[in-house]
Amino acid sequence: MSNIDELKSTGLKATLPRLKILEIFQAGKQRHMTAEDVFRVLLEERSDIGLATVYRVLTQFEQAGLLNRSNFESGKAVYEINEGQHHDHLVCLDCGKVEEFYDAEIEKRQHAVAESKGFAIADHSLSIYANCTKSDCPNRATATSVRHHHHP
């Protein structure tokens with residue numbers, strides 16, 4: 001399905017900003033993006049789409065089910081293409097990188113816990129905030145300067 005058809009199927013007119021922004025998510029250089037990330041890509045492409053438009057389009061896409069939105073602790077809304085696959089997130093406290101994972105056991109336990117308390121889960125999001133333990137983490141380049149190394 002072309003992007004134009006995909007937009008039409010959600011009832012959104014295929015305007016240039018909408019097509020451009022959808023394209024950025026599909027090009028998928030970066031899976032999780034904030035409005036500012038999207039805006040930065042548009043600037044690099046010499047596009048004249050403003051930040052306010054980006055926010056508006058992302059909200060429309062989220063409401064139409066094209067994108068999923070997560071609010072990580074940074075307080076910024078992060079968007080990703082909605083592929084209909086449920087997954088949870090591991091967020092690195094050192095560099096902010098987001099990793100996705102799916103664990104059937106965790107899913108089962110959550111349903112069991114909800115059930116035991118008289119609930120049926122309609123939806124949930126799990127974000128685990130963690131420090132990277134990889135000594136050769138490629139994403140830590142910027143974060144190392146912040147860390148203080150104490151030698152005995």
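**Figure 1. Lining of the second largest pocket in the predicted model.** Eighteen residues, given here as 18, line the second largest pocket, and those nearest its centre are Asn68, His86, Asp123, His124 and Ser125. Two elements, β1 (67-71) and β3, each contribute two or more residues to this lining. The largest share comes from β1, with four residues. By class, the lining of the second largest pocket comprises 12 polar residues, five charged residues and one nonpolar residue. The volume of the second largest pocket is about 410 Å³. The structure shown in this and the following views is a predicted model.

Figure 2. Elements that supply two or more residues to the lining of the largest pocket are α3 (35-44), β3 (88-92) and β4 (98-101). Helix α3 gives the most, with three residues. In the lining of the largest pocket, eight residues are nonpolar, eight are charged and five are polar.

Figure 3. With β4, strand β3 pairs in the antiparallel sense over four bridges. His89 has Glu100 of β4 as its bridge partner. The hairpin of β3 and β4 has five residues between the strands, and Gly96 in this hairpin takes a positive phi near 85°.

**Figure 4. Helix α5 and its two ends.** Helix α5 covers residues 104-116, and its end C-alpha atoms are 18 Å apart; this agrees with the 18 Å that its 13 residues should span at 1.5 Å a residue. Just after the helix, Gly118 takes a positive phi of about 85°.

**Figure 5. Ser47 in the loop between α3 and α4.** Ser47 is found in the loop that lies between α3 and α4 (51-63). The relative accessible area of Ser47 is 18%, and the residue is therefore classed as buried, the limit for that class being under 20%. The side chain of Ser47 reaches the backbone nitrogen of Ile49 at 3.1 Å.

**Figure 6. Arg69 in strand β1.** Arg69 lies in strand β1, the element with the largest share of the lining of the second largest pocket. Arg69 has a relative accessible area of 40% and is therefore partly exposed, a class that falls between the limits of 20% and 50%. Phe119 is 50 residues away from Arg69 along the chain, and the C-alpha atoms of these two residues are separated by 24 Å.

Note on methods: Residues are numbered from 1 along each chain as its sequence is written. This is a predicted model: local features need pLDDT of at least 70, side-chain atom pairs count only at pLDDT 80 or more; totals for chains, interfaces and linings use all residues. Side-chain values use heavy atoms; hydrogens and water are left out. Ala, Val, Leu, Ile, Met, Phe, Trp, Tyr, Cys and Pro count as nonpolar, Asp, Glu, Lys and Arg as charged, and the others, Gly among them, as polar. On a 1 Å grid over the protein atoms alone, a cavity is a set of points where a 1.4 Å probe fits but cannot get out, and a pocket is an open set with protein on both sides within 12 Å along at least five of seven lines; lining residues have an atom within 4 Å of a point. Grid points are joined across faces, edges and corners, and a volume is the space filled by probe spheres set on the points. Buried means under 20% relative accessible area, exposed over 50%, partly exposed in between (1.4 Å probe, protein chains only). A polar contact is a pair of N or O atoms within 3.5 Å; within protein, one must be able to donate a hydrogen and the other to accept it, and residues adjacent in sequence count only if both atoms are side-chain atoms. The expected span of a helix is 1.5 Å times one less than its number of residues. Two strands pair if DSSP finds at least two bridges between them.
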